[in-house]
Amino acid sequence: MDVHEVTTVGVRSLHVAAMAVALGGAVLVALLPADGSLGRVAARYELAFWTAAGVLVMTGVGNLAAFGQGLPPPSSDWGTALVAKLGAVALLMLVSLPRALAVAGLEAPAHAAAARIRAMYAGTAALLAAVTALAVWLAHA
């Protein structure tokens, strides 16, 4: 393997690992009981989520750069799937901000707030699963 191939595999591996952190953590927090641990775990997950989101954006750009001039146009099936994935990522970032702000001030959320926060994490997990499904489609198209 040459340096370019090693770098490409490394970037893709980081991309997949960051997605695993983001999706796995969202599922974990969504399934937590609404007790005192929810606020602490959610606050820790937020740091992991936003770090993973940054890694995903950087490695996503790196993955696209690896295609170079061979990147299919948006009008192709692959390009349409990529545009859908990028739109889902933008939506994910948009809906993640209120969730992060809701968690920021809560150490031990009240039961009603905990239910809302858990629902937000379930929505985050669903969006991350959709982005993952689009990524799998892109990888195999």
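Is Gly-25 buried or exposed? Gly-25 is buried, because its relative accessible area is 12%, and buried here means under 20%, with exposed over 50% and partly exposed in between (1.4 Å probe, protein chains only).

Hello everyone, a quick word on the model first. This is a predicted model, where local features need pLDDT of at least 70, side-chain atom pairs count only at pLDDT 80 or more, and totals for chains, interfaces and linings use all residues. Residues are numbered from 1 along each chain as its sequence is written, and side-chain values use heavy atoms, leaving out hydrogens and water.

Back to our glycine. Gly-25 sits in helix α1; helices are DSSP runs (H or I, at least four residues), numbered from the N terminus. Leaving aside residues up to four places away in sequence, Gly-25 touches Ala-20 and Tyr-45, where contact means heavy atoms within 4.5 Å. Gly-25 and Leu-97 are 72 residues apart in sequence, and their C-alpha atoms are 16 Å apart in space.

Now the helix itself. The buried residues of α1 include His-15, Ala-18, Met-19, Ala-22 and Ala-26. An α-helix has 3.6 residues a turn, so residues three or four places apart point the same way.

Val-6 is also in α1, which covers residues 3-31. Val-6 is partly exposed, with a relative accessible area of 48%.

On to α2, residues 37-67. Its 31 residues should span 45 Å, and the end C-alpha atoms lie 44 Å apart, which agrees. After α2 comes Gly-68, with a positive phi near 60°.

My last stop is Ser-96, in helix α3 (residues 77-104). Ser-96 is buried, with a relative accessible area of 0%. Which residues does Ser-96 touch, not counting those up to four places away in sequence? They are Phe-49, Trp-50 and Thr-124. The side chain of Ser-96 also makes a polar contact with the side chain of Arg-99, at 3.1 Å. A polar contact is a pair of N or O atoms within 3.5 Å; within protein, one must be able to donate a hydrogen and the other to accept it, and residues adjacent in sequence count only if both atoms are side-chain atoms.

Key:
Helices (H or I, at least four residues) and strands (E, at least two) are DSSP runs, numbered from the N terminus. The expected span of a helix is 1.5 Å times one less than its number of residues.
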